Amino acid sequence: MAMSAVTLTLVCLFGIFPTLTDATTEEPSVELIATKKDIPVGSTGLLFCKANKAATFTWQKDGEDLEDRIESDEEKSRLTLRDVTLSDSGNYTCLGDFDGTEREQFISIFVYETPSFGSTKTYHEFLVNKTVHVPCMVTGKPEVETNWYWNGVRVLNNDTSNLKVLPDGTLQIINIQRENHGTYNCEGKIKGRPKSEILNISVVVNVPPTVIVRSEKPKVVAGPSQNFTLTCLVTGAPHPNITWETPDTSDSSRYIYNSDKSMLFIPGVVRSDSGKYVCTASNKIGEDSTAFTLDVLEIPSVSLSKSEMVVKPGDSASVICSATGHPKPSIQWLNKSNKGGMSSTGRVRVMASQLQIENVVPSDGGVYSCKATNEAGSNTHNFMLLTSPEVPTLFTLSPGPSAFHITLQKSIQDGNSPISQYVIQWRNESQDDWNEIAIPYSNPLKVSSLESYTEYFVRFAAKNKHFLGGFSAEGKIHTLARREPDKPEVFADESKIEKNTYSVPFKQLNDGGSPVTHYVVRYRMKKDGEPWREKETDANSSRIALQNLEYETDYEAELIAVNINGFSKPVKIYFTIPQAQHSLGKGGVVAIVLVIFLFITMNGLEKSVPKLQTQNKTGTGLKSDITCDKAPLTKFE
């Protein structure tokens with residue numbers, strides 16, 4: 001049969017006493033041991049008394065002899081306390097009688113009833129800012145004291161905390177706050193003894209919701225790249241649920257929320273998103289809401305009743321500017337040509353949003369801008385007024401050989417349409433009708449192929465895509481006689497030398513009243529007695545080129561313009577053909593051998609074969625000397 005827990009304890013207790021080895025020499029003594037000094041009501045306690053010599057044992061409680069529940073032999077005695085009650089508490093003494101010599105030892109036994117908490121609630125919910133009570137109903141005997149702990153620290157009644165333990169053991173929390181939530185420990189402790197029990201009690205602090213709505217700014221400008229974010233900051237316990245109320249005009253299908261809906265994101269804000277946004281937070285305690293008003297601004301959009309008008313001088317023009325946007329934009333007309341605002345009076349004026357131009361003149365042509373401005377920004381739309389060029393007033397007439405020139409001294413107003421031509425008219429005194437020619441713009445304007453030494457009346461007008469402007473006042477001019485051309489202008493800085501070829505550009509400034517028929521180029525090496533070589537160049541040429549020249553040689557050349565009236569004065573040109581850049585390879589070596597062979601051969605035949613020399617010839621004006629007794633040219637010459 002299994003041994004009871006009490007029997008096992010006894011065996012252990014007996015085992016801890018050392019075996020007596022020499023009982024005759026030791027002083028008589030007893031030793032008293034208890035399995036436990038604090039014994040709960042209804043349990044069992046053991047007291048064991050051991051002597052170092054044979055003895056007769058007697059047990060007492062509080063000085064009174066005990067006879068029951070005692071087991072003894074010569075050296076050991078055991079007292080068993082079964083189903084103890086509170087009355088079993090006291091001082092227990094073991095007496096050993098050693099043949100007339102007595103020895104004793106006592107021990108105090110404390111019987112208690114284990115503290116219990118009965119029907120004490122372990123969960124409480126309270127509303128913030130209230131003074132609340134958390135009861136702890138502890139029972140136990142002989143006497144029980146109640147202690148409270150929070151976060152491992154015992155609650156003491158002082159002025160530094162809103163926690164207080166009342167005389168009946170109830171915990172009082174004054175003006176409870178959210179930070180007072182958590183688990184509290186109620187301790188029921190037997191007074192004066194190290195016996196206690198702990199009960200954990202949860203306290204939840206409920207807080208009504210509060211709401212704050214935030215955004216970077218209450219106004220945004222509408223646009224596809226303009227986004228808007230509203231943040232709803234909520235507090236409360238339990239954690240509140242968030243709902244939104246948005247304007248009816250806004251398309252809520254575009255909205256993007258985060259997981260708890262505390263953030264509302266609107267991509268590509270439009271005007272219809274304007275309005276009141278209400279964030280509401282609610283929990284079982286209550287609810288709170290805050291509104292935010294969003295104002296979506298629109299950059300002005302500008303439209304004109306006409307964007308372009310073609311008006312002849314003397315007529316009137318009118319255009320109306322309309323603008324939309326939020327807030328309502330203000331409208332201003334600007335004259336871009338004059339870079340200034342417009343007046344409300346005068347021939348060119350602005351009335352409200354309408355631009356009016358009466359009795360249009362050429363200088364009115366140009367670009368006018370309607371500018372609409374509001375808090376969101378500004379926008380413009382241009383109106384173009386196209387009219388006739390103005391009448392030329394500042395110019396000079398210059399005679400030429402059977403020709404005249406018109407030089408403009410200031411640019412002519414083009415009526416906001418580029419001048420494409422000038423119409424020039426002239427007649428002599430014997431003519432009733434005007435001769436007329438239309439020519440592109442150049443300065444000066446030139447009319448040629450007229451009679452020499454003749455007086456002409458001259459006038460001209462500018463023409464654009466839409467109108468021929470008015471003619472200038474008539475001027476009088478006497479043409480000059482036709483003559484030979486002026487000498488050409490040569491641009492020596494732009495000349496080029498490539499191997500043994502020289503080229504240079506030139507320009508004919510004045511043909512003397514008769515077209516240039518051709519140009520004559522004369523050139524020679526700068527050596528005494530060297531003859532000139534000549535060639536002709538076409539009248540349309542703009543560059544001369546001289547080829548097959550001698551390397552490492554100075555040259556001089558002349559350029560002459562020719563018309564039916566004669567030759568111009570020559571233009572002198574000086575240049576040098578530098579030394580050829582040789583590179584002697586295998587082919588070059590072969591060429592040198594051939595030259596030496598030919599030289600020896602020619603010397604051998606010199607006496608029998610006469611020297612051959614060509615005579616100077618003149619054909620088309622080109623002179624050339626060719627002498628066969630010169631060494632043949634290399635591939636670099």
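Contact here means heavy atoms within 4.5 Å, and in that sense Leu171, leaving aside its neighbours within four places in sequence, is in contact with Val132, His133, Val134, Trp148, Val155, Leu163, Lys164, Val165 and Tyr184. This is a predicted model, in which local features need pLDDT of at least 70 and side-chain atom pairs count only at pLDDT 80 or more, while totals for chains, interfaces and linings use all residues. Residues are numbered from 1 along each chain as its sequence is written, and side-chain values use heavy atoms, with hydrogens and water left out.

**Confidence and overall make-up**

- The mean pLDDT of the chain is 86, and 87% of its residues reach 70 or more, pLDDT being the predictor's confidence in each residue, from 0 to 100.
- Over residues 1-23 pLDDT stays under 50, and the model has 27 contacts beyond four places in sequence for them; over residues 586-637 pLDDT likewise stays under 50, with 31 such contacts.
- The chain has 2 helices and 49 strands, taken as DSSP runs (helices H or I, at least four residues; strands E, at least two) and numbered from the N terminus.
- Of the 637 residues of the chain, 37% count as buried, where buried means under 20% relative accessible area, exposed over 50% and partly exposed in between (1.4 Å probe, protein chains only).
- Among contacts between residues at least 6 apart in sequence, 61% join residues at least 24 apart.

**Nonpolar cores**

- A nonpolar core is a set of buried Ala, Val, Leu, Ile, Met, Phe, Trp, Tyr and Cys residues joined through side-chain atoms within 4.5 Å; in the largest one, of 23 residues, Trp148, Leu171 and Tyr184 touch the most other members.
- At least two residues of this core come from each of β11 (132-134), β13 (144-150), β15 (163-165), β16 (171-173), β17 (182-190) and β18, and the largest share, 5 residues, is supplied by β18.
- Apart from this core lies another, of 21 residues, among them Val516, Ile544, Ala557 and Phe575.

**Two residues with polar side-chain contacts**

- Gln60, in strand β4 (residues 56-61), counts as buried because its relative accessibility is 19%, and its side chain is joined to that of Asp65 by a polar contact of 2.9 Å.
- A polar contact is a pair of N or O atoms within 3.5 Å; within protein, one must be able to donate a hydrogen and the other to accept it, and residues adjacent in sequence count only if both atoms are side-chain atoms.
- Ser196 belongs to strand β18 (residues 196-214) and, at 33% relative accessibility, counts as partly exposed; its side chain makes a polar contact of 3.4 Å with that of Glu187.
- Not counting residues up to four places away in sequence, Ser196 touches Glu187, Gly188 and Lys189, and its C-alpha atom is separated by 9.2 Å from that of Glu145, 51 residues apart along the chain.

**Strand pairing**

- Strands of a sheet pair through backbone hydrogen bonds, either parallel or antiparallel, and two strands are taken to pair if DSSP finds at least two bridges between them.
- An open sheet of 5 strands has the order β26-β33-β32-β28-β29, with mixed pairing; β26 (308-310) and β29 (340-341) stand at the edges with a single partner strand each, so one side of each is left without a neighbour in the sheet.
- Strand β28 (residues 330-335) pairs with β32 (residues 366-374) in the antiparallel sense over 6 bridges, and Ser330 stands opposite Thr373 in β32.
- Strand β23 (residues 263-266) has a covered face, Leu264 and Ile266, and an uncovered one, Met263 and Phe265; strand β20 (residues 228-237) runs antiparallel to β23 and is joined to β23 by 4 bridges, with Thr229 opposite Phe265.
- Strand β22 (residues 256-257) also pairs with β23 in the antiparallel sense, over 2 bridges, and in the hairpin of β22 and β23, with 5 residues between the strands, Lys261 takes a positive phi near 65 degrees.

- Most residues other than glycine have a negative phi, and most peptide bonds are trans.
- The peptide bond from Lys141 to Pro142 is cis, with omega near 10 degrees, and a cis bond with omega of about 10 degrees also joins Asn443 and Pro444.
- Asp99, in the loop between β8 (90-98) and β9 (101-116), has a positive phi near 50 degrees and counts as exposed at 83% relative accessibility.
- Asn151, in the loop between β13 and β14 (153-154), has a positive phi of about 55 degrees and counts as exposed at 61% relative accessibility.
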